[in-house]
Amino acid sequence: MSTPHLGVVGLGIMGRNLALNALDSGTTVVGTDLGEDAVRGFEAEAASDVVATTDLDAFLDALPTPRNILVMVPAGKPVDAVLGSLAPKLAEGDLVIDGGNSHFPDTSRRHDEMAAQGLHFFGMGVSGGEDGARHGPSMMPGGPKEPYARVAPILEGMAASVDGEPCVAHLGAGASGHYVKMVHNGIEYGLMQLLAEAYDLMKRGAGLGNDRMGDLFAEWNTGPLRSYLVEITADILHQPDTVEVQPDEMPGHEGPPAGMTGRYLLDFIADTANQKGTGKWTSQDALDLGVPTPTIDVAVTARYLSALKDERVAASGLLGTPAGRAERPDDLVAGLERALRAVFLVTYAQGFALLKRASDAYEYGLDPGTVARIWRGGCIIRADMLETFREAFRADPDLPNLLVAPAFTEILTDCRHALREVVALGVGAGIPVPAFSASLAYLDAYRSEWLPANLVAAQRDYFGAHTFARIDKDGMFHSQWDPAGL
Ligand code: 6PG
């Protein structure tokens with residue numbers, strides 16, 4: 001069998017690291033980039049001989065057909081520009097994989113455009129940051145099934161692996177790969193916000209210091225909460241402000257190097273969080289599909305609120321800062337680990353429920369158990385919990401929501417009391433806990449046999465004759481509401 005080949009277009013951080021990773025796992029790699037520096041940098045870092053060029057024709061000539069080409073350029077117009085230059089030069093049966101964070105409607109369009117030219121196209125989510133790209137990411141390819149067999153050995157060689165299973169699989173049709181990555185990021189937003197709120201509850205609500213909080217996160221990371229995000233949160237809390245990073249060591253970094261105060265670095269980091277948009281896309285599509293994802297929605301909103309720094313400073317002067325010490329700080333801290341277990345589960349449950357609906361609506365043919373399997377390693381939301389989700393979906397692939405899987409009934413019963421107490425103590429202390437409270441409300445609403453939506457239905461009918469359903473008769477009804485009652 002001949003050595004597998006992969007062409008990589010775009011040798012920036014992610015492209016270069018993925019190319020080096022492929023090379024390490026025995027794939028012959030050919031790279032191209034418009035920038036001479038990127039090409040030379042890749043050649044210098046490669047342990048074995050590689051072909052790297054700024055000339056697209058030379059790049060294509062160096063690849064045996066049918067070609068496998070991974071495009072790693074920023075999402076949006078750059079992807080269209082690359083596909084526009086590549087497509088006329090490709091041969092029927094060539095496969096192009098977009099490994100960026102592209103928005104799934106763009107991927108659908110590109111898939112159709114490439115198919116019309118006899119070309120295969122995958123949208124592939126890649127998670128794990130630059131380190132993951134270099135040493136083992138989770139990869140989420142979607143598109144036509146047929147060419148997958150050709151690249152499976154390449155991708156499996158590059159991917160992280162858990163219990164001998166690679167964190168990559170063909171996920172489904174069309175834009176499914178980028179859709180799954182988008183939902184991955186939505187869950188990522190939710191979990192990050194929950195961890196930030198847990199930090200606030202311990203910091204302002206219980207007065208704990210960074211070291212103690214770091215120790216607690218590290219301790220939690222040895223139990224059911226074990227996950228990448230909990231692990232890095234512990235590291236972040238422990239990190240002193242003594243590591244000087246020179247601007248030229250950080251691509252894209254401008255300004256003076258970080259400080260050397262010797263105190264905790266986190267305390268010197270501005271309290272505004274940016275976003276590139278994938279969390280917002282998740283909420284937008286969840287709203288379009290009618291799937292409730294409140295934890296993800298408030299996580300997106302919390303980043304917007306964080307960005308209103310000047311307004312927040314002004315308002316705190318006018319209205320007073322609400323946050324103070326919680327009434328029972330020891331109980332608050334004691335309940336946090338179990339509360340986090342419940343809200344982590346709720347966040348993943350919302351993401352998987354969205355994937356289920358999207359798979360039906362867009363005919364992706366997703367298997368939720370496979371998604372859980374490839375998220376167990378390499379990606380930002382990797383967590384021990386994912387194995388239990390995989391087992392739940394294996395037992396019942398049509399599970400409407402992870403919350404009703406038998407394996408989680410006991411956990412939720414055990415943990416939701418702690419969650420309610422944590423939310424109550426946090427709210428009582430004036431600490432904003434939007435993701436904790438939205439998760440609790442979701443859990444309470446989802447398991448509510450009755451909700452007060454009968455009143456909403458009545459209001460709609462009152463002012464707009466929108467009709468309502470009755471519990472005792474079939475059909476839709478309209479009433480002559482009696483304003484005299486006012
Ligand atoms: C990953 C991450 C990554 C994402 C960044 C920043 O899975 O490796 O999700 O793809 O782009 O974490 O995302 P935001 O700028 O939207 O926070």
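Trainee: Which strands and helices cover the buried residues of H7?

Mentor: The cover includes strands E1 (5-9), E4 (68-71), E5 (95-98), E6 (120-127) and E7 (138-142), and also helix H1 (13-24). Keep in mind that this is a predicted model.

Trainee: Which residues of helix H7 are buried?

Mentor: H7 covers residues 148-158. Its buried residues are Tyr148, Val151, Ala152, Ile154, Leu155 and Met158.

Trainee: Now single residues. Why is Leu403 called buried?

Mentor: Buried means under 20% relative accessible area. Leu403 has 7% relative accessibility, so Leu403 counts as buried.

Trainee: Where does Leu403 lie, and what does Leu403 touch?

Mentor: Leu403 sits in the loop between helix H16 (385-395) and helix H17 (406-428). Leaving out residues up to four places away in sequence, Leu403 touches Leu345, Val346, Ala349, Leu412, Tyr442, Leu443 and Tyr446. Take Leu443: this residue is 40 residues from Leu403 along the chain, yet their C-alpha atoms are separated by 8.2 Å.

Trainee: What makes Thr295 buried?

Mentor: Its relative accessible area is 0%, so Thr295 is buried. Thr295 belongs to helix H12 (residues 294-307).

Trainee: How do you know that Thr295 and Ser439 make a polar contact?

Mentor: Check the distance. The cut-off for a pair of N or O atoms is 3.5 Å. The side chains of Thr295 and Ser439 make their polar contact at 2.9 Å. Beyond four places in sequence, residues that Thr295 touches include Gly190, Leu194, Val346 and Gln350.

Trainee: Is Arg376 buried or exposed?

Mentor: Arg376 has a relative accessible area of 9%, so Arg376 is buried. Its place is the loop between helix H15 (368-374) and H16.

Trainee: Which polar partners does the side chain of Arg376 have?

Mentor: One is the side chain of Glu165, in a polar contact of 3.0 Å. Another is the backbone oxygen of Arg373, 3.1 Å from a polar atom of the Arg376 side chain. Arg376 is also in contact with Asp163, among other residues.

Trainee: Why is Asp163 called exposed?

Mentor: Exposed means over 50%. Asp163 has 68% relative accessibility, so Asp163 counts as exposed. Asp163 lies in the loop between strand E8 (161-162) and strand E9 (165-166). Its phi is near 50°, a positive value in a residue other than glycine.

Trainee: Why is Ala465 called partly exposed?

Mentor: Ala465 has a relative accessible area of 43%, so Ala465 is partly exposed. Ala465 is not a glycine either, and has a positive phi of about 50°. Find Ala465 in the loop between helix H19 (453-464) and strand E10 (468-469).

Trainee: Which peptide bond is cis, from Thr65 to Pro66 or another?

Mentor: The bond from Thr65 to Pro66 is cis, with omega near -5°. Pro66 lies in the loop between helix H3 (56-61) and E4.

Trainee: Next, the domains. What does the domain assignment give?

Mentor: Domain 1 (5-174), domain 2 (182-446) and domain 3 (452-486). The contact between domain 1 and domain 2 takes 24 residues from domain 1 and 23 residues from domain 2. Taken over C-alpha atoms, the centres of domain 1 and domain 2 are separated by 31 Å.

Trainee: Why does the ligand lie between domain 1 and domain 2?

Mentor: Both domains give residues to the shell around the ligand, so the ligand lies between them.

Trainee: How many residues surround the ligand?

Mentor: There are 15, and the closest are Ser127, Lys181, Glu188, Tyr189 and Arg303. Helix H8 (residues 176-205) gives the largest share, five residues. By class, the shell has nine polar, four charged and two nonpolar residues.

Definitions and conventions:
Residues are numbered from 1 along each chain as its sequence is written. This is a predicted model: local features need pLDDT of at least 70, side-chain atom pairs count only at pLDDT 80 or more; totals for chains, interfaces and linings use all residues. Side-chain values use heavy atoms; hydrogens and water are left out. A residue is near a molecule or strand if one of its heavy atoms lies within 4 Å of it. Helices (H or I, at least four residues) and strands (E, at least two) are DSSP runs, numbered from the N terminus. Ala, Val, Leu, Ile, Met, Phe, Trp, Tyr, Cys and Pro count as nonpolar, Asp, Glu, Lys and Arg as charged, and the others, Gly among them, as polar. Domain bounds come from an automatic or database domain assignment. Buried means under 20% relative accessible area, exposed over 50%, partly exposed in between (1.4 Å probe, protein chains only). Contact means heavy atoms within 4.5 Å. A polar contact is a pair of N or O atoms within 3.5 Å; within protein, one must be able to donate a hydrogen and the other to accept it, and residues adjacent in sequence count only if both atoms are side-chain atoms.
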